[in-house]
Each structure stands twice: as structure tokens, then as C-alpha cells.
Amino acid sequence: MTEGDLEQIIEIEKDVFIKPWPQELFLTHLRSDACVKAVAEISDEIVGYLVGGEEDSKFHLRNIAVSRKHWREGFGTKLLTYLLEKLKDNPEVLSCYLEHRLNNEAAFELYKSLGFTCLGLRKDYYGKGEDAVVMGINF
């Protein structure tokens with residue numbers, strides 16, 4: 001993921017999320033050596049991305065998205081598999097966690113299929129009345 005990718009990433013972000021990240025937040029993560037970032041591409045088209053960072057011995061997957069027109073084509077699985085393999089090779093990272101909207105069944109099934117389990121709920125995480133499910137995986 002580079003700054004040159006941001007236009008396509010922001011386009012996906014705005015299409016997929018109710019409350020998209022602003023470009024400045026992506027720039028902060030892009031410029032940080034402590035963050036892991038990756039894109040999935042078909043030819044020169046970005047079809048998905050992820051961003052996260054280490055917090056003590058845990059990795060927080062802060063954002064992951066796949067373009068709507070490429071949902072259910074395996075790109076989310078490929079991005080997450082790439083991330084998990086990278087994290088497993090890092091002896092300083094013992095686990096990975098993430099949040100997703102309570103009503104996002106597709107996300108829940110994807111994470112569960114890769115070994116994530118439910119850790120709890122974060123009330124009003126996405127705003128009043130919009131709870132998040134916290135899921136995690138240990139290495």
C-alpha cells in the first residue's frame with residue numbers, strides 16, 4: 001500500500017462503510033513503520049486492503065475492506081491469510097483482534113472460518129446503538 005493507492009482505497013472505503021475513514025487517517029497509517037498495510041489487486045485495480053498495528057503483544061486489525069463488486073470472490077480471505085501468516089512469523093505478536101458491526105454476518109463468518117473467536121461486545125462502538133463484536137485469534 002502506497003500513497004498512490006489512496007484514491008482507489010478511499011473510493012472503496014466510502015462505498016463500503018457507513019462512516020469511512022478520512023484520508024488523513026490512512027496517511028497516518030501509511031507513514032508509520034509500525035503499521036502493517038496491504039492491498040489486493042487485479043491488474044492495476046485495487047480490490048481490497050487492510051491496515052493494522054501492534055499494541056503490546058497484540059495486533060489490532062483496524063480496517064479491512066473489499067470492493068463491493070468483488071465481494072464473495074475470496075479477496076478478504078486472501079488478505080487475512082496474508083496478515084495471519086505474517087503475524088505468526090513475528091514472535092513478539094501473540095494474538096490478533098478486530099471489531100466488526102454486530103449485524104455484519106459476512107464478516108463474522110469470514111473471521112470465524114479463519115479461526116477467530118468472539119471475545120465480547122463493545123457497546124456503542126460505532127455510535128449510539130451500534131455495537132461491535134470483538135473477535136480474536138491466538139498464535
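**View 1. Arg-122 has Ala-132 as its bridge partner in β6.** The model shown is predicted. β5 and β6, the latter spanning residues 132-138, pair in the antiparallel sense over 5 bridges.

**View 2. Six strands form an open sheet: 6 strands in the order β1-β2-β3-β4-β6-β5.** The pairing within this sheet is mixed. β1 (35-42) and β5 (117-122) are the edge strands, each pairing on one side only. From one strand to the next, the twist averages 25°. Strands of a sheet pair through backbone hydrogen bonds, in either a parallel or an antiparallel sense.

**View 3. Helices α1 and α3 lie across strands of the sheet.** Helix α1, residues 6-16, lies across β1, β2 (45-55) and β3 (58-66). The angle of α1 to β2 is about 85°. Helix α3, residues 75-88, lies across β1, β2, β3, β4 (95-101) and β6. Relative to β3, α3 runs at about 160°.

**View 4. Asp-56 sits in the loop between β2 and β3.** Its phi is near 60°, a positive value in a residue other than glycine. Asp-56 counts as exposed because its relative accessibility is 74%, and the cut-off for exposed is over 50%.

**View 5. Arg-72 sits in the loop between β3 and α3.** Phi of Arg-72 is near 65°, which is positive, and the residue is not glycine. With a relative accessible area of 76%, Arg-72 is exposed.

Terms used
Residues numbered from 1 in each chain as written. Predicted model: local features only at pLDDT ≥ 70, side-chain atom pairs only at ≥ 80, totals over all residues. Heavy atoms only, no water. Pairing = 2+ DSSP bridges. Helix = DSSP H or I, 4+ residues; strand = E, 2+ residues; numbered from the N terminus. Axes fitted to C-alpha atoms, helices over the stretch in contact; angles between N-to-C directions. Contact = heavy atoms within 4.5 Å. Buried < 20%, exposed > 50% of the residue type's maximum accessible area, 1.4 Å probe, protein only.
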